[in-house]
Amino acid sequence: MAQIKLSGLRHSYRPDPQGEADYALKKIDLTWEDGGAYALLGPSGCGKSTLLNIISGLLVPSEGKILFNDQDVTSLAPAKRNIAQVFQFPVIYDTMTVYDNLAFPLRNRGRDEDVVERRVTAIAEMLEVTEMLKTRASNLSPDNKQKISMGRGLVREDVNVVMFDEPLTVIDPHLKWKLRSKLKELHQRVRATMIYVTHDQTEALTFADQVVVMQDGEVVQIGTPVELFERPAHTFVGHFIGSPGMNVLPCEMKDGAAFFGGERVVLEGPAEVGGAAEIGIRPEFVSLSSNGTGIAARVRKVADIGRHKVVEAIVHDTRVHAILEGEAPNAGDAVRLDFKPSQTRLYKDGWLTSRPGEGTR
Ligand code: ADP
Ligand code: MG
């Protein structure tokens with residue numbers, strides 16, 4: 001196992017990149033600690049697969065270095081990197097049995113048959129495919145093929161990192177949930193470094209201890225699920241994570257105070273910027289005022305989603321979501337909104353600029 005460091009990485013698929021827009025990865029400096037459970041989260045096309053393929057050696061980056069335990073592997077062939085990669089679609093040998101498929105990565109490295117048997121049996125048990133071991137892979141359902149594909153990634157105990165590239169895409173929704181928790185359990189058992197790539201926040205947040213959020217070829221934040229929820233470093237993270245995501249509201253800064261829709265809004269703490277900026281507040285921290293204070297709004301929609309209600313309110317032309325427990329207003333009602341000051345952040349050009357402290361008044 002190893003610590004993996006990416007230093008000054010850039011990658012363009014074009015032979016003669018002209019500007020920033022020609023780079024699939026713009027500039028990446030990132031360290032994956034040994035034994036970590038990481039998720040790489042971002043929308044389709046942001047560069048996740050490109051990054052994985054650079055780590056595994058399937059792609060050589062245009063610029064920068066890849067270090068495994070401080071050893072430069074940038075020009076090392078994939079087979080020499082000691083990595084297991086699981087792809088979006090199953091990669092298995094149809095003519096072989098499930099057992100032989102799982103055994104393949106071990107036999108390929110000349111492991112003794114008793115080691116092969118022990119590992120294959122253990123992995124098959126973890127993935128609950130023991131009864132399929134003698135089945136020919138061609139007879140498996142797509143779900144089971146992908147499970148075996150994942151098993152092939154997990155069967156070796158000597159890999160530097162196991163990387164999963166959106167592995168649950170082809171999996172049936174109810175099994176998805178099961179496999180996701182299974183993977184988390186597997187990580188706790190085998191303690192290998194794992195990088196799990198997904199565009200699905202639920203998958204990322206349930207699997208990972210650390211989530212790396214990417215947008216448009218760049219890493220915008222690395223943090224625990226709680227950190228990403230509580231202090232998004234960028235409005236993109238605030239919006240991408242959460243359901244609904246963080247409210248991002250245009251505001252005007254005057255003498256250190258924020259004005260939204262003409263009303264003064266108390267921030268979590270100091271923010272030394274002037275002019276146009278954005279307030280970030282999660283729907284969980286927006287409530288209805290009962291004492292006549294707060295920002296005047298009109299309710300447009302109320303969605304009852306079981307445990308709570310999601311209220312969509314309009315302040316001038318801006319939409320504000322609130323998540324409410326219990327009593328909720330009706331569509332068309334005039335209401336006043338309160339923002340919890342300790343959770344009201346300020347963003348300038350997308351980046352978090354307010355600091356925790358005494359709220360500005
Ligand atoms: P993700 O995995 O996050 O969906 P990718 O890494 O696949 O994103 O793609 C990042 C960007 O690079 C996208 O704009 C995509 O169109 C482009 N890209 C990916 N693979 C290739 C390729 N083989 N040739 C040219 N462009 C590519
Ligand atoms: Mg991809």
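Author: This is a predicted model. Ligand 1 is surrounded by Tyr13, Ala24, Pro43, Ser44, Gly45, Cys46, Gly47, Lys48, Ser49 and Thr50. Three of these residues can be described through polar contacts with oxygen atoms of the ligand. For Gly47, a polar backbone atom is 3.1 Å from an oxygen atom of ligand 1. Ser49 also takes part through its backbone, with an N or O atom lying 2.9 Å from an oxygen atom of ligand 1. Lys48 uses its side chain instead: a polar atom there lies 2.8 Å from an oxygen atom of the ligand.

Elsewhere, two helices pack together. Helix α2, residues 98–107, and helix α3, residues 113–126, have their axes 9 Å apart and meet at an angle of about 130°. The crossing of α2 past α3 is right-handed. On the α2 side, the contact is made by Tyr99, Leu102, Ala103, Leu106 and Arg107. On the α3 side are Glu113, Val116, Glu117, Arg119, Val120, Ile123 and Ala124. By class, this contact has eight nonpolar residues, four charged and no polar ones.

Two loops also hold backbone details. In the loop between α3 and α4 (142–154) is Glu128, a residue other than glycine with a positive phi, near 55°.

Technical notes:
Residues numbered from 1 in each chain as written. Chains lettered and ligands numbered in written order. Predicted model: local features only at pLDDT ≥ 70, side-chain atom pairs only at ≥ 80, totals over all residues. Heavy atoms only, no water. Axes fitted to C-alpha atoms, helices over the stretch in contact; angles between N-to-C directions. Helix = DSSP H or I, 4+ residues; strand = E, 2+ residues; numbered from the N terminus. Left-handed = near helix turned anticlockwise from the far one by under 90°. Contact = heavy atoms within 4.5 Å. Nonpolar A, V, L, I, M, F, W, Y, C, P; charged D, E, K, R; others polar. Near = heavy atom within 4 Å. Polar contact = N/O pair within 3.5 Å; in protein donor to acceptor, adjacent residues only side chain to side chain.
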